[in-house]
Amino acid sequence: MLYRLSALWARAEIALAALLAALVTVLILVNVATRSARMAIFWIDEAAIYAMIWMTFLAASAAVHQRTAVAVTLVPDMLSGRSRARLTAVLDLVALGFGLAIAWFCWIWFDPAGFAAAGFDIEAFQGATFNFIYAEPTTTLGIRKAWVWLIMLIFSFGFVLHALANLSRSLPVALKGGEEASTGDAA
């Protein structure tokens, strides 16, 4: 069940990342055309950058699910099936720890409890915490950067979900010592 949820989330991440890749392409082409016509639209640069950032984080999270992240496989390739299965489980545990750390840092950064305690009043929140996450605007788009940084919360959720799903599959194999973990857990 957890792995199916992870797979569904990964498919949504990839679909959204693909749409954002298309958006980046369109924005860059419009940018080139408007600059060539000496009628540059300056917010397009910033929009393309933010779309690229969102695309990257979504695809990176999906790569955790698919186990397609860049990796050095020198050590796993030298190990037997049982040792490789154990190493896979340990690496999944490390990935889960990393994802939980990112989620914790996002909790501290966004401080939803503090924001709620301030009655969702941005100025009261800033005055009490000196945290300006909800008020700082982007340079040319004029939207609050919190909307751009929201990808970190989405990324940490997906990362933790995928790491948990991978661990739920690799840990039993590692404990039994089977060969299945060495194949990469195809969905």
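Guide: Happy to! Let us begin with the chain as a whole: it has 7 helices and 0 strands, where helices (H or I, at least four residues) and strands (E, at least two) are DSSP runs numbered from the N terminus. Read from the N terminus, the elements therefore run α-α-α-α-α-α-α. Please keep in mind that this is a predicted model, in which local features need pLDDT of at least 70 and side-chain atom pairs count only at pLDDT 80 or more, while totals for chains, interfaces and linings use all residues. Residues are numbered from 1 along each chain as its sequence is written, and side-chain values use heavy atoms, with hydrogens and water left out.

Now to our spot, Ser170, which sits in helix H7, spanning residues 145–176. Ser170 is buried, with a relative accessible area of 1%; buried means under 20%, exposed over 50%, and partly exposed in between (1.4 Å probe, protein chains only). The side chain of Ser170 has a partner there: it makes a polar contact with the side chain of Asp92, at 2.6 Å. A polar contact here is a pair of N or O atoms within 3.5 Å; within protein, one must be able to donate a hydrogen and the other to accept it, and residues adjacent in sequence count only if both atoms are side-chain atoms.

For a contrast, look at Phe120, in the loop between H5 and helix H6 (122–129). Phe120 counts as exposed, at 55% relative accessibility. Its phi is near 60 degrees, a positive value in a residue other than glycine. Asp111 is also not a glycine, yet has a positive phi of about 45 degrees; you will find Asp111 in the loop between helix H4 (81–110) and helix H5 (112–117).

Of the 187 residues of the chain, 36% count as buried. The C-alpha trace spans about 60 × 50 × 30 Å along its principal axes. The chain has a radius of gyration of 21 Å, whereas a compact globule of 187 residues would have one near 16 Å; this radius is taken over C-alpha atoms, and the globule rule is 2.2 Å times the number of residues to the power 0.38. Among contacts with a separation of 6 or more, 68% join residues 24 or more positions apart, a contact being heavy atoms within 4.5 Å.
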